[in-house]
Amino acid sequence: MDKTTIICRCEEISYEEIEDVISIGARRFDDVKRLTRCGMGPCQSKICSSLVAEIIHDKTGLPFPEIPLPRMRMPISPIKIGTLTTNSTTFSSVKSVLDEVELEDGKVK
Amino acid sequence: METDVLIIGAGPAGLTAAVETASRGLDVTIVEESLSMGGQLIQQTQVLGSLPSFYQPKRGFELAQRLRKLVEDTSVRCLLGHRVIGFYKDGSVGISDEANVFPLKAKKIIVATGAAEKAIAFPKWTLPGIMTIGAAQTLLNRDFVLPGKHAVIIGTSDFAMDVALQLSEGGVQVKAMVEKSQTVLARDTEKVNQVSKMGIPVHVNSSIKEARGIGRVEEIDIEQREQIMTIPLDTVCVDGGRSPILDVFYQLECSFGYQRELGGWIPQYNPFFRTDREDVFLAGNAAGVSSQGVLLVTGIIAGINASESLGALSKEEAEIKTTSLWKEIETLETKLDPDVWNARIRHVQNYEHPVLTDQFIS
């Protein structure tokens with residue numbers, strides 16, 4: 001494929017940038033995401049996750065069942081912060097990103 | 001707010017699941033992000049050929065109307081224009097009406113979130129005028145807007161054939177259909193004949209090389225046996241297949257398995273369409289991409305077994321009904337594509353051996 005082809009529309013990440021991070025060891029969508037910002041825009045990888053899985057498969061030969069899904073976080077689709085907090089007396093009980101972080105001796109595990 | 005059964009998604013599977021549960025006296029709530037019921041059926045103007053034996057052949061939007069009527073005759077609470085945005089710590093579902101977020105406590109959840117179309121990437125595929133085939137169909141049949149005047153369709157599935165015919169009838173000149181395989185993928189030969197009668201050329205062994213245009217797509221290059229064919233146009237419809245929508249299952253920490261023929265990653269489930277969580281059932285394309293007929297049946301099975309788990313139906317009765325409905329799936333899905341049916345059987349057998357159970361590694 002042409003190296004300049006956009007793979008992640010939201011963050012404008014090209015095929016070449018994804019190829020580069022695969023060459024330094026990225027093997028799953030979340031690796032590519034952390035290294036390039038691919039999938040971190042408004043659509044939250046809804047469009048590019050299957051494209052990236054295909055590139056990982058093509059470049060590494062890794063079978064699809066060994067390329068895991070991207071991590072999908074709350075909120076499931078974009079929502080205004082104002083809407084998220086309105087009427088919510090139990091806001092702290094909304095499952096937050098922080099709930100997923102495990103601490104050990106006050107540090108992230 | 002509290003309910004016995006929460007159904008996420010009011011497409012064909014969600015609606016049949018709603019009828020099965022509500023008709024047994026359960027308190028049922030449907031949450032649906034769009035403002036109407038029927039899901040993708042609403043813009044299907046073609047006759048759906050492979051419906052279950054207890055349905056007459058119907059056009060998609062007619063089937064949607066019928067299902068809507070059935071649901072409206074029950075006491076189902078329909079939250080249209082509402083979205084599930086996540087889950088609270090105590091297990092309640094966070095639902096937004098776009099002004100507020102409120103918790104809903106459900107004894108059982110049936111997830112029928114459907115499938116999303118996949119993209120195909122090529123140089124300049126992000127130009128306006130290039131869209132998925134489903135988007136073109138939605139513009140034409142639901143919004144009554146022509147996507148353009150001159151179109152090329154990338155893909156030759158049965159669905160691509162349907163949309164090619166609908167676009168032509170709507171006044172769009174379909175200049176070509178492009179298929180990278182050696183043969184046309186559509187199994188419905190009658191439809192393929194109709195397409196060729198319309199004078200739409202189908203190029204096999206071909207792929208799209210690039211699109212060009214300033215501000216919107218103006219022409220594309222098709223590569224066929226190392227020869228380049230340039231086609232001027234204003235619309236490209238891309239059929240990249242579909243894959244199940246999994247966000248809700250992921251949030252519920254369900255485990256997943258991979259079946260290419262069913263659309264890739266799908267939640268693990270048993271013959272009762274229950275996931276590895278006792279309170280979470282699933283139905284429709286979310287349980288593996290298939291024909292509309294199969295979607296209806298999976299919704300019925302999920303509804304029956306969710307009812308059984310709440311004591312609204314005896315175990316024996318639920319098992320008998322489930323077994324005969326699986327026969328219906330077998331008939332419909334084998335006719336559609338035996339590989340899809342075999343993948344489904346494999347997937348259900350794999351229930352005891354989930355692939356992705358713990359992927360919560362930061």
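Across the interface of chain A and chain B in this predicted model, seven residue pairs turn up in polar contact, both partners at pLDDT 80 or more.

The size of an interface is often given as the accessible area lost when the parts come together. Here, the area buried between chain A and chain B comes to about 3,100 Å². Carbon and sulfur atoms give 59% of that area.

Next come the chains themselves, beginning with chain A. Chain A contains four helices and four strands. Walking along the sequence of chain A, the pattern goes β-β-α-α-α-α-β-β. Of the 109 residues in chain A, 39% are buried. Contacts in chain A between residues at least 6 apart in sequence can also be sorted by separation: 42% of them join residues at least 24 apart.

Chain B has nine helices and 21 strands. Among its 362 residues, 54% count as buried. For contacts in chain B with a separation of 6 or more, 62% come from residues 24 or more positions apart. Along its principal axes, the C-alpha trace of chain B spans about 65 × 45 × 45 Å. Does the radius of gyration of chain B agree or disagree with that of a compact globule? A compact globule of 362 residues would have a radius of gyration near 21 Å, and chain B has 21 Å, so the two agree.

Within chain B, a group of glutamines is worth a look. B:Gln44 sits in the loop between β2 (28-32) and β3 (47-48) of chain B. Is B:Gln44 buried or exposed? B:Gln44 counts as buried because its relative accessible area is 5%, and the cut-off for buried is under 20%. A polar atom of the B:Gln44 side chain lies 3.0 Å from the backbone oxygen of B:Gln40. The side chain of B:Gln44 is also joined to the side chain of B:Gln46 by a polar contact of 2.9 Å. Setting aside neighbours within four places in sequence, B:Gln44 is in contact with B:Arg59, B:Gly60, B:Phe61, B:Gln137, B:Phe159 and B:Gln292.

B:Gln137 comes up again with another glutamine, B:Gln166. B:Gln166 belongs to helix α4 (residues 158-169) of chain B. With a relative accessible area of 7%, B:Gln166 is buried too. Its side chain makes a polar contact of 3.1 Å with the side chain of B:Gln137. Which residues does B:Gln166 touch once neighbours within four places in sequence are left aside? The contacts of B:Gln166 are with B:Gln43, B:Thr45, B:Gln46, B:Gln137, B:Leu140 and B:Asn141. As for B:Gln166 and B:Gln46, the two are 120 residues apart in sequence, yet their C-alpha atoms are 8.3 Å apart in space.

Most residues other than glycine have a negative phi, and most peptide bonds are trans. Where is there a cis peptide bond? One joins A:Met74 and A:Pro75, with omega at about -5°. A:Pro75 is in the loop between α3 and α4 of chain A.

As for phi, A:Glu12 has a value near 50°, which is positive in a residue other than glycine. A:Glu12 lies in the loop between β1 and β2 (13-14) of chain A. A:Glu12 is exposed, given its relative accessible area of 59%. In chain B, B:Lys124 is also a residue other than glycine with a positive phi, near 70°. B:Lys124 lies in a loop of chain B, the one between β9 (115-117) and β10 (130-132).

Notes:
Residues numbered from 1 in each chain as written. Chains lettered and ligands numbered in written order. Heavy atoms only, no water. Buried area = accessible area lost by both parts, 1.4 Å probe. Polar contact = N/O pair within 3.5 Å; in protein donor to acceptor, adjacent residues only side chain to side chain. Helix = DSSP H or I, 4+ residues; strand = E, 2+ residues; numbered from the N terminus. Buried < 20%, exposed > 50% of the residue type's maximum accessible area, 1.4 Å probe, protein only. Contact = heavy atoms within 4.5 Å. Rg over C-alpha atoms; globule rule 2.2 N^0.38 Å.
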